[in-house]
Amino acid sequence: MQTGELLNNYNVEPNVWDEMYAALSVRPQYQGVVEFLQQMSIEELNKKEELAKRLFMSQGITFTVYSSGEGIEKIFPFDIIPRIITAAEWTYIESGIKQRLKALNLFLKDVYNNQFILKDGIVPVEMIYSSPHFLREMHGFPVPHDIYVHIAGIDLIRDHDGTFYVLEDNLRTPSGVSYMLENREITKRIFPDIIPRSNVRTVMEYPVILHRNLVSLSPRQTANPTVVLLTPGIYNSAYFEHTTLARLMGVELVEGRDLVVDNHRVYMKTTAGLQQVDVIYRRVDDDFLDPLDFQPDSMLGVAGIMSAYRKGNVAIVNAVGNGVADDKAIYAFVPAMIRYYLNEEPILKNVPTYQLGRPEEREHVFGNMSRMVIKKTNESGGYGMLMGHTASDEEIDRYKHEILRDPRQYIAQPIISLSTSPCYMNGRLKPRRIDLRPYALCGPDGIQIVPGGLTRVALREGSLVVNSSQGGGSKDTWVLAG
Amino acid sequence: MLSRVADSLYWMSRYMERTDGILRMLRINYASSQDDIQEFSWKPVLRIFSYLDEEKSTSLAQQSRAVLQYMVTEKENVNSVLNIVTRARENARSVQDHITKEVWQCLNDFYHTIRDESVNRNLYIEDPVSTLDVLIRHGLLYYGTMDITMARGEGYAFINIGKYLERGVQSADILDIKFSDLQYDVERMDTTYWKYLLLSISGYELYLKTYRTGFDARNVVGQIVLSEDFPRSVLYSVNQLRRYFERVKSDGNKEAWKKIEFMIGRIQSRIEYSTVESILRQGLHPYLNGVKEELYEVGIALNHHYFAYS
């Protein structure tokens, strides 16, 4: 088959924004890629797909699934067709995320200190105190440079008219950035020359900026502070990402058992004795960070690390207790925060969100279940979700019952259709739903967003859920220079 | 360097060295099983490299293909090449930021190759030497990549400490078991027997160049224990062990370093000031066993003073 046909057979769904096609013609930003695809035969494309798989496998860009005592290596599915974002779109996204993060950071500082926003009644007090991620341990202590969110992943989606919406803020330990970096490397291999020709901005700066920010947070005035990346260990599904980032930044990758706290200082156990640690980029959740303060049976953390943190002897990135700001119930208040702290109108839109804790909103949602998605406020990764349009009556009834037991645990949003992007599947181009997670880095010098991000794609036909745990894959994401 | 990292590098290296040893041993023994020596048996190999009991290894002793499968791809055998490479890779995986990307890819490719179903199948129906050669080449690629890409820091020192400790023990083991099969009779003039032993540790050509008088068990002992130039001799391994241990000397761990340095130095002198005659007078088995015991003690001391992190 010829690739010309490949493009002719691409059928855009009605009432959905397609990233490549608009009114039966290819959008200008996709022109270069389309021309490139047209020069190739299906056999060549299949070969490219094979090559991508092999590269992921041989470089160990995998996660391990353990079953019956044996580890099986899996790759995170990768679609070879890049997702392209224009310079104008990017400027808009960038300014929107910066504004949002500025407000969220101020919010975290506020709720853990003076709580003006609660006193002024902008965010209800019970919202904060009922959040399992609000940690009293963080109250009234100054974090370095007043930065709580050093690394953020903001999930964006596009509705049928192309408007960007923020779906979720990830302010704890957002993952996936290694795929942003690796997907680009793979694309360079499978589509030679096309990246420089297309004027694509580089994402290579990410580890450099992150490292610079981490070093600048060191509480000790020393020329060469010790920065470490704390991982839960090789059984963690994001372990590949932890090693990649440690390698790209040239910092030590440590596990909880490598660290010890003595006299409110954190040390790592080395072959030459103990060495003091200044900055910890942790990829361990709050709950497991310190068995003395949180989960007492956690083996992943370090006993006493919170005391060292509170004494200001070590910087922890991201700050502890950030979960209170990316809670799905707090999400609804972010536009209000932006107005309250910054006196600005929000640039990026929120998806309308119903608090099921409020009886009148709950009634509305219960009456329109088929057009709603219900989410648990403290779950992530696509777990604890109900998509109203595909759920059976039975499921809906069960969910209603669950919700009534503890309504604060749930929110509802109207189903947003999500834009589609072409995916190469079994010799054909097919539209699949996508989202976008750009990664923002906040340091003492301000917020920087590397031009790119992770485009996640729901590989199952008709699916609106892009999470990798729910059968999602990813694409290389190109941001074009002006 | 983190203790845990040093530990993982050390074990990654020991496992890779063991892999190389096993594969070469299998390759040459398979060749020898195809030769017309009357009493070829896989028993010595099984005794060195597996934990099979007497009965089980006797039943396997004449079945080349079954032994190859058991030693290379059997999941139940903790010492199969598959399991050892898996462990080497697991260790490497946890220290990826301390080995180069090239080394990691080498190990990762090796792992994926040996896990492929075709290896098992080919060992059974095709020419097993070709399959073993593919695997041996993966190991060589690892050694070469290590040499060319790795920085000569502390990590590299621990990698070599692991490698030469493993090699020293392995050579002593191989020699001991091969001789025990002959009831330590040094007067045996079985040319093929010695030839295959030397071939299995890549020492045949050196032997021919060094000793012009044909095969003599005494010379075999001389080369495998005392040669300074033979890279698989016990002395060479201990010399290298000492050399790389020198490099991890630091102010932070002076006492421990001195203690272990003393232990290695003692083994080195003990071998250096031996002759074939003195070894045989003492008894080959007690001598080799003594060296092995002391090398194990070095391993235990390293674990205690350098790798302990729990």
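1. A quick convention before anything else: a crossing is left-handed if the near helix is turned anticlockwise from the far one by less than a right angle, and right-handed if clockwise. By that convention, α1(B) and α5(B) make a left-handed crossing. Helices here are DSSP runs of H or I with at least four residues, strands are runs of E with at least two, and both are numbered from the N terminus.

2. Housekeeping: this is a predicted model, where local features need pLDDT of at least 70, side-chain atom pairs count only at pLDDT 80 or more, and totals for chains, interfaces and linings use all residues. Residues are numbered from 1 along each chain as its sequence is written, while chains are lettered from A and ligands numbered from 1 in the order in which they are written.

3. Back to that helix pair in chain B. Helix α1 (residues 3–34) of chain B packs on helix α5 (residues 81–93) of chain B at about 155°, and their axes are 8 Å apart. That angle makes α1(B) roughly antiparallel to α5(B). For the record, axes are lines fitted to C-alpha atoms, for helices over the stretch in contact, and angles run from 0 to 180 degrees between N-to-C directions; under 35 degrees counts as roughly parallel, over 145 as roughly antiparallel, 65 to 115 as roughly perpendicular and the rest as oblique.

4. Who touches whom there? On the α1(B) side the contact residues include B:W11, B:M12, B:Y15 and B:I22, and on the α5(B) side they include B:V81, B:I84, B:V85 and B:A88. Contact means that the C-beta atoms of two residues, placed from the backbone, lie within 7 Å. Sorted by class, the α1(B)–α5(B) contact has 11 nonpolar, 3 polar and 2 charged residues. The classes are Ala, Val, Leu, Ile, Met, Phe, Trp, Tyr, Cys and Pro as nonpolar, Asp, Glu, Lys and Arg as charged, and the others, Gly among them, as polar.

5. Helix α13 (residues 234–246) of chain B and helix α14 (residues 254–272) of chain B have axes that come within 10 Å and cross at roughly 155°. The two are therefore roughly antiparallel to each other, and the crossing of α13(B) and α14(B) is left-handed. Among the residues that meet are B:L235, B:V238, B:L241 and B:F245 from α13(B), with B:I260, B:I264, B:I267 and B:I271 from α14(B).

6. Chain B overall: it has 16 helices and 0 strands. Its C-alpha trace spans about 60 × 50 × 35 Å along the principal axes. A compact globule of 310 residues would have a radius of gyration near 19 Å, and chain B agrees with 19 Å. That radius is taken over C-alpha atoms, and the globule rule is 2.2 Å times the number of residues to the power 0.38.

7. Chain B is divided into domain 1 (1–150) and domain 2 (164–310), with bounds from an automatic or database domain assignment. Their centres, taken over C-alpha atoms, are separated by 21 Å. In the contact between them, 19 residues of domain 1 of chain B meet 19 residues of domain 2 of chain B. On the domain 1 side, α1 and α2 (43–49) of chain B each supply at least two residues, and α1(B) gives the most, with 14 residues. That domain 1 side divides into 7 nonpolar, 4 polar and 8 charged residues.

8. Now chain A, which has 17 helices and 25 strands. Its radius of gyration is 23 Å, close to the 23 Å from the globule rule for 482 residues, so chain A is as compact as a globular protein of that length. The C-alpha trace of chain A spans about 70 × 60 × 50 Å along its principal axes. Chain A is divided into domain 1 (220–313) and domain 2 (352–414), and 38 Å separate the centres of these two domains over C-alpha atoms.

9. Two backbone spots in chain A to check by eye. The peptide bond from A:V317 to A:N318 is cis, with omega near -15°, and A:N318 lies in the loop between β14 (315–317) and α13 (323–326) of chain A. A:D146 has a positive phi of about 60° although it is not a glycine; A:D146 is in the loop between α6 (125–129) and β6 (151–158) of chain A.

10. Finally, the chain–chain contact, with 23 residues from chain B and 20 residues from chain A. On the chain B side, α1, α5 and α6 (101–115) of chain B are the elements that give two or more residues, and α6(B) gives the most, with 5 residues. The residues on that side divide into 7 nonpolar, 10 polar and 6 charged.
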